[in-house]
2 protein chains.
Amino acid sequence: MSLDAVLARIDQDLPQALDRLMVLLRIPSISTDPAYKAECAKAADWLVEDLKGLGFDASSRPTPGHPMVVGHGGTGGRHLLFYGHYDVQPVDPLNLWDRDPFDPEIQDGPKGPLIRGRGASDDKGQLMTFVEACRAWKAVHGSLPGKLTIFLEGEEESGSPSLIPFMKDNAAELKAEIALICDTGLFDDQTPAITTMLRGLLGEELTIHGPNKDLHSGGYGGAAINPIRVLSKVLAGLHDANGRVTVPHFYDGVTELPDEIRAQWQNLTFDAAKFLGDVGLSVPAGEVDRTPLEMLWSRPTAEINGIWGGYTGEGFKTVLPAEAHAKVSFRLVGDQDPFAIRENFRAWVQAQLPPDCTVEFHGHGNSPAGVMAIGDPAFESARQALSDEWGVPAAYIGCGGSIPIAGYFKTVLGMDAMLIGFGRDDDQIHSPNEKYDVECFHKGIRSWARVLARLQA
Amino acid sequence: MSLDAVLARIDQDLPQALDRLMVLLRIPSISTDPAYKAECAKAADWLVEDLKGLGFDASSRPTPGHPMVVGHGGTGGRHLLFYGHYDVQPVDPLNLWDRDPFDPEIQDGPKGPLIRGRGASDDKGQLMTFVEACRAWKAVHGSLPGKLTIFLEGEEESGSPSLIPFMKDNAAELKAEIALICDTGLFDDQTPAITTMLRGLLGEELTIHGPNKDLHSGGYGGAAINPIRVLSKVLAGLHDANGRVTVPHFYDGVTELPDEIRAQWQNLTFDAAKFLGDVGLSVPAGEVDRTPLEMLWSRPTAEINGIWGGYTGEGFKTVLPAEAHAKVSFRLVGDQDPFAIRENFRAWVQAQLPPDCTVEFHGHGNSPAGVMAIGDPAFESARQALSDEWGVPAAYIGCGGSIPIAGYFKTVLGMDAMLIGFGRDDDQIHSPNEKYDVECFHKGIRSWARVLARLQA
């Protein structure tokens, strides 16, 4: 049977597939830092060449930011679009890595061999599972598994500023029957999942200005307003005593879970104590009347992602600084409107400023939450394929992270998206020592071969 | 008359005195940053050579930190000790300087020519006023103005860790009849002052730990505690709605002003609106029931001098960080006990931590407030000398800053200290674009010649 031949080919080619991934991981394609612009372009070019080798008509397409990689190939079956992203998160704090984040290696891990390096899981390792499935299919069949478009972004970790314009400008070219997105995780180490609820994201940076220059706290302390003190007061008021966000109208559009989804989630063996315990915690820190799974998958949040002001070097400096800064993000659910929340947040901050202080805002991307169209029979086909590979029923789950692309495929191109990924909770994505288990990479490739076989049958 | 000859010599030698100061200002002796250790030693060596040239038996004396400069010279009159410091503050943010902070120059300023550069006022320019007065005296009289010990520190801007041990180890050598300290300012642009009240200082650095590693806010946001949020809450509670510090027992030992001092201060022409207006502010930010002069000179404070945590670079990173940091300092008055306040502050922070969070503290120096012995007739002699030079009566004033050395002379060496300085409020010490007006430097030198003439008569 041809699927078995493809799976056998995948098993046999695994060492070479890992070598190819290593080449891609060595390119430091950090999209948020302009210093790495050339490296992002280099990663895009490498992918274009690899896709061309598989018979795709592929090219690197310029944008005002980092390039998009687009490749078309194959005939027959459904027209499927595959999405992944080749850019990665920054690597600081560098001293917490056990090796150079861009000098990846295979290491022994508690769950077997793993690939250590920035982007191993998010998202270079994941996107290559699909590419490798196509490679094995081509090797066995001499052709790709049906009509495919591959669409790889280089700005996913920095707010995707070029994405919507590019999709709009190339809508006819990109439109397919369904989008496959590989940027999510398994439900647990051995349970595959299709993610059907995604949180949206709104990012805001604020700078509070006080005195017109840095002051000596001896000469002015007590009489002059300190912007760090003002910023602390604002941020301390972002949550009430019950863990709810206090920005006015923040919960507008937040809907309660449908009973059937709530029941399904209650059947999942989610071990909240272990989930928190793995990162050194024991007590859920969110809304007091919600379970941890609800907090992560179906409730909105406000988080302070960065704060800085005054003297932060070694030693001490008795400065009373002219300004203080923070980066704040909101995870959104249901029908929350990121634009309304941005306005309400800014007005809420503004209203709290004491005399002599002003605030500047800088927006960092926004996307509404996403809810997938699980009524489409393709979802059930894919779920069966995943269950076949992993030997346990695949789950429909939520996701605390934001993958705005899923919503954009719907709103910009009118196509549904299916989120299938193979990351594990301990992959340390966005953290030092990111890894991807070789088992996830290997079974991920095999999973895509099975999904493609079912969708294109 | 010989004093007139010394004053004439000072006037004539001013260009050369400025040249010498420029050489010293070019040495980046930033004591708080270990990267500048060799530069601190270089500044000390330069001063030793200059003092030797005036006939002082001078040397650079090693400490576990930066060296002390000690020089002895002259005979007769009172045995006077002069104290200054050759180390300077860090220079960040560097982009706000109009030139390299360590490439000083004479510029035209609104009040006449000024010396622009880090340390011009605090304290290299100030300490050189005394050295130049000795130089002119020596040139005219062939000898120094009486028995002098010069004692210059290199750790004043970084908590003076070596000072007390050095004073104790060399007590017999350093003990004199009175200490003269030049590290303070004029009362206003043309009114000289002797500072008789100094605030103390306690510095604390705290690090709040939460998760055992940086987390992705999508994967954990809502369920995992965020140390920046915890830190913000703690710092936001440092002051109550009336601007009072909330740390328990913080006001123990704070005394009300004696009526005579309060009356004297009310007679000073302190323009609070201009004082705040010069730095872009209009409303005093301290305790609501105190005047700005009280806030600055006779009331204790808590200030956040630095804060940092999470992602602070360009762009955005949706990180939920493992830790968050702040540097906090307290200005102390009266009999406030820095050690008791340190303990109370640490316990107060500890008591506010939610489950799963821990805190680490690092102390950064501490000194009690100082109140000078204005009953000593030497104070009145010096006040007359200053009044003669500036043509207006010199004032006894308070100072918001902390000059712990004054207290140490009393507690370690049993000698009184007299604080005379020539800085102006707009000198931008501890800020970008620090300057010292040439008039202050020039009249400062002349003032010391007059003070020495009266004290050694």
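**Chain A, overall**

I counted secondary structure in chain A of this predicted model and found 14 helices and 18 strands; helices (H or I, at least four residues) and strands (E, at least two) are DSSP runs numbered from the N terminus. The model is a prediction, where local features need pLDDT of at least 70, side-chain atom pairs count only at pLDDT 80 or more, and totals for chains, interfaces and linings use all residues. Residues are numbered from 1 along each chain as its sequence is written, chains are lettered from A and ligands numbered from 1 in the order in which they are written, and side-chain values use heavy atoms, with hydrogens and water left out.

I looked up the dimensions next. The C-alpha atoms of chain A fill a box of roughly 80 × 50 × 45 Å along the principal axes. Of the 457 residues in chain A, 63% are buried (under 20% relative accessible area; exposed is over 50%, partly exposed in between; 1.4 Å probe, protein chains only).

I then checked contacts (heavy atoms within 4.5 Å). Among those in chain A between residues at least 6 apart in sequence, 78% join residues at least 24 apart.

**The two copies**

**Helix α7 of chain B**

How many of the ten residues of helix α7(B) are buried? I found nine, so I have this helix, residues 227-236, down as mostly covered. Among the buried ones are Pro227(B), Arg229(B), Leu231(B) and Ala236(B). The buried residues of α7(B) pack against α7 (227-236) and β11 (301-310) of chain A. Within chain B, their partners are β9 (200-209), β11 (301-310), β13 (323-332) and α11 (338-352).

**Met167(B)**

I found Met167(B) in helix α4 (residues 163-169) of chain B. Met167(B) counts as buried because its relative accessibility is 0%. Leaving out residues up to four places away in sequence, I listed what Met167(B) touches: Phe151(B), Leu174(B), Ile405(B), Tyr408(B), Phe409(B), Val412(B) and Leu413(B). For Leu413(B), 246 residues from Met167(B) along the chain, I noted a C-alpha separation of 7.5 Å.
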